[in-house]
Amino acid sequence: MNTEMYQTPMEVAVYQLHNFSISFFSSLLGGDVVSVKLDNSASGASVVALDNKIEQAMDLVKNHLMYAVREEVEILKEQIRELVEKNSQLERENTLLKTLASPEQLEKFQSRLSPEEPAPEAPETPEAPGGSAV
């Protein structure tokens with residue numbers, strides 16, 4: 001790298017950045033970017049051509065990223081649909097099981113779910129003299 005023609009560290013940094021951009025975007029575009037040496041003799045046309053190639057490469061990267069994001073969004077939407085459907089099915093099953101369960105079964109179930117919280121008291125039924133409920 002011939003940096004003697006540059007006066008300040010900023011000019012050297014710009015030179016290095018342009019060289020990096022050329023090589024990076026050249027690899028992205030498959031090497032069809034013509035190597036452009038940026039020095040004090042560089043014409044305005046070569047700078048404009050380089051800017052155009054950089055813009056094309058950035059558009060290519062942006063399009064690729066947008067495609068990848070859209071694809072991921074579609075996958076996530078499908079997963080959400082499946083989870084909502086599964087949730088609805090489980091809620092229906094839960095409601096059915098609650099309607100079919102006896103109060104004793106519900107109480108037993110509630111005590112297993114939250115042992116630290118007291119289970120709701122079931123109404124006591126008077127027992128008949130044989131130990132069976134009336």
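Begin by colouring this predicted model by pLDDT and selecting its helices in turn: among the elements of the protein, helix H1, residues 9-28, has the lowest mean pLDDT, 68, while H2 has the highest, 92. For the protein as a whole the mean pLDDT is 75, and 54% of the residues reach 70 or more.

Next, select residues 33-40, where the pLDDT stays under 50 and where the model has 16 contacts beyond four places in sequence. Then move to residues 122-129, another stretch with pLDDT below 50, for which the model has seven contacts beyond near neighbours in sequence.

From there, return to helix H2, which spans residues 44-100, and select residues 66-100, the range that an unreviewed UniProt entry annotates as "coiled-coil region".

The last stop is the largest pocket, whose volume is about 150 Å³. To display its lining, select Asn94, Leu97, Lys98, Ala101, Gln105, Leu106, Phe109, Gln110 and Leu113. Helix H2 and helix H3, the latter covering residues 103-113, each supply at least two residues of this lining, and the largest share, five residues, comes from H3. If you then colour the lining of the largest pocket by residue class, you will find five nonpolar, three polar and one charged residues.

Conventions
Residues are numbered from 1 along each chain as its sequence is written. This is a predicted model: local features need pLDDT of at least 70, side-chain atom pairs count only at pLDDT 80 or more; totals for chains, interfaces and linings use all residues. Side-chain values use heavy atoms; hydrogens and water are left out. On a 1 Å grid over the protein atoms alone, a cavity is a set of points where a 1.4 Å probe fits but cannot get out, and a pocket is an open set with protein on both sides within 12 Å along at least five of seven lines; lining residues have an atom within 4 Å of a point. Grid points are joined across faces, edges and corners, and a volume is the space filled by probe spheres set on the points. Helices (H or I, at least four residues) and strands (E, at least two) are DSSP runs, numbered from the N terminus. Ala, Val, Leu, Ile, Met, Phe, Trp, Tyr, Cys and Pro count as nonpolar, Asp, Glu, Lys and Arg as charged, and the others, Gly among them, as polar. UniProt positions are given in the numbering used here, feature names are shortened, and annotations may be inferred rather than shown by experiment. pLDDT is the predictor's confidence in each residue, from 0 to 100. Contact means heavy atoms within 4.5 Å.
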